[in-house]
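I set aside this notebook page for what I looked up in the structure, entry by entry. Each entry begins with the term it needs and then turns to the residues.

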Amino acid sequence: MHANPEAIMAHEVQHDGHHVHHQSFITKYIFSQDHKTIGKQFLITGMIWAIIGGLFSVLFRLQLGFPGESFPILETVFGKTWAPGGTIKPEFYYALITMHGTILVFFVLTAGLSGTFANLLIPLQIGARDMASPFLNMLSYWFFFLASVVMMSSLFIQTGPAAGGWTVYPPLSALHDASIGSELGMDLWIVSIALFVVSTLMGGLNYISTVLNMRTKGMSMTRLPLTVWAVFFTAMIGVLSFPVLLSGLILLFFDRNLGTSFYLSDIVVNGQIMPNEGGSAILFQHLFWFLGHPEVYIVILPTMGIVSEVISVNSRKPIFGYMAMIGSLFAITTLSFLVWAHHMFVTGMNPLLGSFFVLLTLLIAVPSAIKTFNWLTTLWRGNIRFTPAMLFAIGFVSLFISGGLTGIYVGNSTLDIQLHDTMFVIAHFHLVMGVAAFFGMFSGIYHWFPKMFGRYLNPTLGYIHFWVTLVGAYLIFWPMHYEGLAGMPRRYLDKSPWVSFNQFGELDRMISIVAIIVFAMQLMFVFNFIYSIFKGRKVTTQNPWKANTLEWTTPIRPGHGNWPGEIPEVHRWAYDYSKDGRDFIPQTEPVGANEKIEH
Amino acid sequence: MDIVSTQQRKKIHPHKFTLWVAIASMIMMFAGMTSAYVVKSNQAGWQEVVVPKIFWGSTVAIVASSLTIQMALRSFKQRAMSPYRLLLAITLILGILFIVFQWMGFFQLWEQQKVTLRGSGAGQFLYIIFGLHALHVLGGVIALLVMLMKAFFGKTKQYTAVPVELITTYWHFVDALWIYLMLFFLWVG
């Protein structure tokens, strides 16, 4: 460590905000320790994964919407092994749904989301030069990259990737011979997720320490923007729940490769009795869901922070109930560790134990409702600017309500007997944590793109992107509630043999067509993203959204170290909008003699 | 480039704080493992195991090493570099000794009690849990080795006590974790 880093910073950064020390292409863009570059690396890697994961959903929707029909292009692309005659083989279908879940939950909505916005926003919004440990931060990305390489490689091996569902329940995941998707692809899945956990922990440790220890003068915890609070709590959940998944995966690895029987007992494969005895498959479910449920909050919490910030800025109003927002984030964080067994109501659980988990699960509705109420009341009578970011934020609130309400249904152990493993569950979680989280992420990208690249995303394409995605998302997932209520199971390759599900044939066809359109719309967003990095309208003012937070006090394209001179001092909270006859008052502005301040 | 700002430091150094959060994370992993043990031990087909006596030797080694590293830290703060180097070296040797004892314990379990990896009783859990702990100690041993190399061959003088404090905290953690695990296997197991 250098003896006096402040002096080094002052030496290295000129007053125009650019570095004078020479950086090679490799240290600037590849092995960078600048939190902003690392954030962009997470974002771009996450976007590549999102395209792959989204494409997989289009492929399996082809099967679900048009079961048994031939699409010759599939054979051309995937070969006779996986799509003979242009139809998707069952093994391929299961690989697709498994990888869709794995990619979207872990690689896109965990790493791509937290990795991007925690990295970009924490130092910029708390007033720090960089993370507590920029080196660890860089390692965090490169472990994610390694995890990505391993997972990606599993797509190209002869036996294909893991295919036992993203939850990798044993015995399918624990026995090499159980199915083709239980072979090498499953080992690579475990290795990849283990690397992923290491990456998440390194990132999380850094985020927490940075928020608690590196805030600029005057930036008390109750002056932090809600984005920072949200990624802070997200990191807390991550560092406390991912290690438990790692425990579960270590035991799984031993079961698969070294002959132990932690999860296996009394199993017959292809008429052959396996030697394993004494294991419990339910044990894995406990270890998995101890991460798995907090994981959905890891996905949604950062977007709650983004949405709070974007709604307040674009309503030109202080966020309603700031302390209640923090309190509800804390409540969700705490409760997230106490509800995991609601995924296991039908595993033969003691009904009394089940009822405790029902109660704790339903309790989450309280902080969630507080947040929703506060977003709506922030919007209420606001001077609303309908930027693409704002539209996506409002869309988030809509989707969060629609998907959240059905959480009350599936969180109830008696109703869950009917709804478990049906399309109803697919509808519920895709709306509340899948599409909603994507909307929050899009909102953040549209809002902070000018800070990331010094240019704007094209707003017209943004509006088209928003409306088609919003309408499309509802058209895709709303009808699935009806399918699920009728008992249609999820994960099945082909539901057409059941007469009772024939009534949904046309509906499934419509869902698949809309899914293709929505996917195409995301490709348009990717085009907008890449085009705007190079050719987008240039940002000409330091604070284009007229926001209060510190990131807009940096130069338009800040160098490593963020502020060319001293780090600004903070005198007020982040939400002084439409106050005392003024549109906005930045956090850096000293408090007037007779002014009353919130925090 | 190291960008930890002296001006921004509050009560605790960010790296120290990071270590504490990492420790919380590691605790969760071992809590997950020992919880799995408890759940599993209540099910049919559970097989007990006698914890080999050599693990008491491990316990003595790691507790002693905790004392020596604490003394090393004190010496460093007093700028008494010779005792610092000596105590650090003793800690390193004790750390290696701990891992050797662990290995011997595994060997005894395998050879004398014939506990293999077949099954899912206390023995299999012991291999994995103690093995994971030994890996954490190994990580500490590597860090100690690096520090020792710096202490003996480093060209620039090191004044800040932060790295020594970090490794000391970590070493106490793996020591405390071992005591917890040993007690767990003796009482719960």
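Entry 1: I took helices (H or I, at least four residues) and strands (E, at least two) as DSSP runs, numbered from the N terminus. The model is a predicted one, and I kept in mind that local features need pLDDT of at least 70 and side-chain atom pairs pLDDT 80 or more, while totals for chains, interfaces and linings use all residues. Residues are numbered from 1 along each chain as its sequence is written, chains are lettered from A and ligands numbered from 1 in the order in which they are written, and side-chain values use heavy atoms, with hydrogens and water left out.

On that basis I found five helices and zero strands in chain B, which reads α-α-α-α-α along the sequence. Its C-alpha trace spans about 60 × 35 × 25 Å along the principal axes. I called a residue buried under 20% relative accessible area, exposed over 50% and partly exposed in between, with a 1.4 Å probe and protein chains only; by this rule, buried residues make up 52% of the 189 residues in chain B. Counting a contact as heavy atoms within 4.5 Å, I noted that, among contacts in chain B between residues at least 6 apart in sequence, 83% join residues at least 24 apart.

**Entry 2: one residue of α5 in chain B.** I then looked up B:E165, which lies in helix α5 (residues 162-187) of chain B and counts as buried at 16% relative accessibility. Which residues does B:E165 contact, leaving aside its neighbours within four places in sequence? I found B:K16, B:L73 and B:K77. The C-alpha atoms of B:E165 and B:Q70 are separated by 8.9 Å, although the two residues are 95 apart along the chain.

**Entry 3: salt bridges.** Side chains of opposite charge can pair when their charged atoms come close. I used the criterion of a side-chain nitrogen of Lys or Arg within 4 Å of a carboxyl oxygen of Asp or Glu, and a search of the whole structure gave 14 salt bridges over all chains.

One of them joins A:R509 and A:E69, with the closest N and O atoms 3.7 Å apart. A:R509 belongs to helix α17 (residues 505-535) and A:E69 to the loop between α3 (35-65) and α4 (72-82) of chain A, so the pair ties together parts that are 440 residues apart in sequence. Both ends are partly exposed, A:R509 at 30% relative accessibility and A:E69 at 36%.

I also noted a salt bridge between A:D421 and A:R490 (3.9 Å, N to O). Here A:D421 sits in the loop between α14 (413-419) and α15 (423-453) and A:R490 in the loop between α16 (459-485) and α17 of chain A, so the pair ties together parts that are 69 residues apart in sequence. A:D421 is partly exposed at 31%, whereas A:R490 is buried at 13%.

The side chains of A:D576 and A:K579 meet in a salt bridge at 3.8 Å, N to O, and both residues are buried. I found that they belong to a network of salt bridges which links A:R572, A:D576, A:K579 and A:E595.

**Entry 4: the nonpolar core.** I defined such a core as a set of buried Ala, Val, Leu, Ile, Met, Phe, Trp, Tyr and Cys residues joined through side-chain atoms within 4.5 Å. The largest one has 256 residues, and those with the most contacts inside it are A:F106, A:W189, A:W229, A:W375, A:F396 and A:F529. Helix α5 (residues 90-126) of chain A gives the most to this core, with 21 residues. Beyond its neighbours within four places in sequence, A:W229 is in contact with A:M221, A:L224, A:Y322, A:I326 and A:L329.

**Entry 5: backbone exceptions.** Most residues other than glycine have a negative phi, and most peptide bonds are trans. Which residues does a cis peptide bond join? I found A:P170 and A:P171, with omega about 10°; A:P171 is placed in the loop between α6 (134-154) and α7 (184-213) of chain A.

A:S578 has a positive phi of about 45° although it is not a glycine. I placed A:S578 in strand β3 (residues 577-579) of chain A, where it counts as partly exposed at 46% relative accessibility. In chain B, phi of B:K114 is near 55°, again a positive value in a residue other than glycine. B:K114 is in the loop between α3 (81-111) and α4 (122-153) of chain B, and is exposed with a relative accessible area of 60%.
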